[in-house]
Amino acid sequence: KERGENFPHPTGWWSKKESLDTSIFYPTMNLWTYNKYLEAISDEDNYVFIATGRMDKLKQEVQAILDFHDFRFHDVFCNWGGETFKFKTRLFEQILRKNPKATDLIIYDDRHEHLVKFVEWASEVEKTTHTKISIIDVVNKIQMH
């Protein structure tokens, strides 16, 4: 109702470009997370990427918001299909396979239902890799794993 109208897609808004329209919504930023980003990106040995549940067809709109805040990730991954948690864990596993010498994977997320599942997933993945996985709750600013 930002413009006095009901959002045209009451369900499935994650896949709609209108939900990322910066002429309607101001894209806020979590300053605590932004400082963590600056710290990570300043180390040239780090591979810093974003993985969002937003559908791949919205990559241009996602990039526009990242550009608005001057985020410069090495890669931007949008959901190629399916449930967000599964998309992200598959992606993280692919990245770990491509980088077998990685010592750390730090995951920042804001969805409690995903954070709990990430902790469980990380415990299993750490058994088969040489990578320490940290799960960070950006809402409460705490490490969960």
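This is a predicted model: local features need pLDDT of at least 70, side-chain atom pairs count only at pLDDT 80 or more; totals for chains, interfaces and linings use all residues.
**View 1. The edge-to-face pair of Phe118 and Trp121.** The ring centres of Phe118 and Trp121 are 6.4 Å apart and the planes stand at 70°, so the pair is edge-to-face, the angle being over 60 degrees. Both residues belong to helix α4, where a spacing of 3 residues separates them by about one helical turn. Phe118 is buried with a relative accessible area of 0%, and Trp121 likewise counts as buried, at 10%. Together with Tyr47, Phe49, Phe77, Phe85 and Phe92, these two residues form one aromatic cluster.

**View 2. Phe92 within the largest nonpolar core.** This core has 18 residues, and Phe92, Leu105, Ile107, Trp121, Ile133 and Ile135 are those with the most contacts inside it. The elements that contribute two or more residues to the core are β1 (49-55), α3 (84-98), β3, α4 and β4. Leaving aside residues up to four places away in sequence, Phe92 touches Phe49, Ala51, Leu105, Ile107, Phe118 and Trp121.

**View 3. Strand β3 and its parallel neighbour β4.** Strand β4 (residues 132-137) runs parallel to β3 and is joined to it by 6 bridges, with Ser134 of β4 standing opposite Ile106. The chain passes from β3 through helix α4 (residues 112-126) to β4 in a right-handed β-α-β crossover.

Key
Residues are numbered from 1 along each chain as its sequence is written. Side-chain values use heavy atoms; hydrogens and water are left out. Two strands pair if DSSP finds at least two bridges between them. Helices (H or I, at least four residues) and strands (E, at least two) are DSSP runs, numbered from the N terminus. A crossover is right-handed if, with the strands pointing away from the viewer, the path from the first strand over the helix to the second runs clockwise. A nonpolar core is a set of buried Ala, Val, Leu, Ile, Met, Phe, Trp, Tyr and Cys residues joined through side-chain atoms within 4.5 Å. Buried means under 20% relative accessible area, exposed over 50%, partly exposed in between (1.4 Å probe, protein chains only). Contact means heavy atoms within 4.5 Å. Rings of Phe, Tyr and Trp (its six-membered ring) pair if their centres lie within 6.5 Å; planes under 30 degrees apart count as stacked, over 60 as edge-to-face and the rest as tilted.
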